Amino acid sequence: MSEKTIRGNVNDTVKMSLLCEVNGSCPLCRKDLIVKKKLKNVRVFDVAHIYPLHPTPHEEEILKGETLLSEDIDSEANFIALCKECHKVYDTQKTVKEYRQLVAIKNEINKIKELSVLWDKQTLHKDISVVANKIGLLDELSIKNTLLSYDALKISDKKDDTFGMINEIKVSQFILSFFIPIKEALKDLEKQEKAKSTFICSQVKSYYVLLLMKDFNQAQIFEKMTDWFMKNTGITDRSKSEVLVSFFIQNCEVYSKC
Ligand SMILES: [Zn+2]
């Protein structure tokens, strides 16, 4: 079997997780790995073996003594998402430098994954609810005093035609009013060693990618993410949940490529 073939054991979940690992862009050339074709999100990447599955004598020679990511070469630990061009080059003319680069990227990813495992879902519920409660306690004056500057808004760069004007106005306003208070509430949680916003961000982002791969448009994704926050955090007030989703649109990679 050719190295370029995506094997049967690489199912959609694995592909999605590999895509998220590299934040939706090729780790070697930064090209986007999801493109829009006729309003559909199309994945344009290959699953590459970092250590070759069937190394040539030359590869065996140059990779002698190098770190292996896994004893099982044909496993997720040794896979990485690459654009088709880089995959072709990597499979036919890899250098030790590129090999080490990919191993380093993957090691970093694995570290974050291990940390996330330590994080129990219950903690996330509770802590995000703390942030949501703070939103509810804000008064008009404190919101006015912490308005985000209009220039800092990122939504116009991120939204597409499917998001809709009303959503854009709503989300923009939520971000302007609540971005700074939420950021501060999250910082407080970090200080108390309760929540790491990077973990929360990566969870939110993974859910976003899942929705994206199911071909929901931006307006639908906004709805679904709002539902998801309500379901997973115990927030009963829909607008509070929308405020949180808006925060993550501004702060994380929601509505970015991945
Ligand atoms: Zn590439």
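**Figure 1. Salt bridges of Arg-238.** The side chains of Arg-238 and Asp-227 form a salt bridge with an N to O distance of 2.9 Å; a salt bridge is a side-chain nitrogen of Lys or Arg within 4 Å of a carboxyl oxygen of Asp or Glu. Because Arg-238 lies in helix α11 and Asp-227 in helix α10, the pair ties together parts that are eleven residues apart in sequence. Arg-238 also meets the side chain of Glu-223 in a salt bridge, at 3.4 Å from N to O. This second pair links distant parts of the chain, with Arg-238 in helix α11 (residues 238-251) and Glu-223 in helix α10 (residues 218-233), 15 residues apart. Helices (H or I, at least four residues) and strands (E, at least two) are DSSP runs, numbered from the N terminus. Arg-238 is partly exposed, with a relative accessible area of 28%. Glu-223 is partly exposed at 40%, and Asp-227 is partly exposed at 37%. Buried means under 20% relative accessible area, exposed over 50%, and partly exposed in between, with a 1.4 Å probe and protein chains only.

The view shows a predicted model, in which local features need pLDDT of at least 70 and side-chain atom pairs count only at pLDDT 80 or more, while totals for chains, interfaces and linings use all residues. Residues are numbered from 1 along each chain as its sequence is written, and side-chain values use heavy atoms, with hydrogens and water left out.

**Figure 2. Overview of the protein chain.** The protein chain has eleven helices and four strands. Of its 258 residues, 45% are buried. Among contacts between residues at least 6 apart in sequence, 74% join residues at least 24 apart; contact means heavy atoms within 4.5 Å. The count of salt bridges comes to 14.

**Figure 3. Crossing of helices α1 and α9.** Two packed helices are described by the angle between their axes and the distance between the axes. The axes of helix α1 (residues 12-21) and helix α9 (residues 197-213) come within 10 Å and cross at roughly 125°. Axes are lines fitted to C-alpha atoms, for helices over the stretch in contact, and angles run from 0 to 180 degrees between N-to-C directions. The two helices α1 and α9 are therefore oblique to each other. Angles under 35 degrees count as roughly parallel, over 145 as roughly antiparallel, 65 to 115 as roughly perpendicular and the rest as oblique. The crossing of α1 past α9 is right-handed; a crossing is left-handed if the near helix is turned anticlockwise from the far one by less than a right angle, and right-handed if clockwise.

On the α1 side, the contact is made by Met-16, Leu-19 and Cys-20, and on the α9 side by Ser-206, Val-209, Leu-210 and Met-213. These residues divide into six nonpolar, one polar and no charged. Ala, Val, Leu, Ile, Met, Phe, Trp, Tyr, Cys and Pro count as nonpolar, Asp, Glu, Lys and Arg as charged, and the others, Gly among them, as polar.

**Figure 4. Asp-12 in helix α1.** Asp-12 lies in helix α1. Salt bridges that share partners join Asp-12, Lys-15 and Arg-43 into one network. Asp-12 is partly exposed, with a relative accessible area of 42%. Asp-12 and Met-213 are 201 residues apart in sequence, and their C-alpha atoms are 9.6 Å apart in space.

**Figure 5. Salt bridge between Glu-168 and Lys-159.** The closest N and O atoms of the salt bridge between Glu-168 and Lys-159 are 3.4 Å apart. Lys-159 is partly exposed, with a relative accessible area of 31%.

**Figure 6. Surroundings of Leu-153.** Leu-153 lies in the loop between α6 (140-145) and α7 (155-158). Leu-153 is buried, with a relative accessible area of 12%. Not counting residues up to four places away in sequence, Leu-153 touches Ser-172, Ile-175, Leu-176 and Gln-250. Leu-153 and Asn-251 are 98 residues apart in sequence and 9.9 Å apart in space, C-alpha to C-alpha.

Figure 7. Asn-23 is found in the loop between α1 and β1 (34-37). Although Asn-23 is not a glycine, its phi is positive, at about 55°. Asn-23 is partly exposed, with a relative accessible area of 39%. Arg-30 is found in the loop between α1 and β1. Arg-30 is not a glycine either, and has a positive phi of about 70°. Arg-30 is exposed, with a relative accessible area of 53%.
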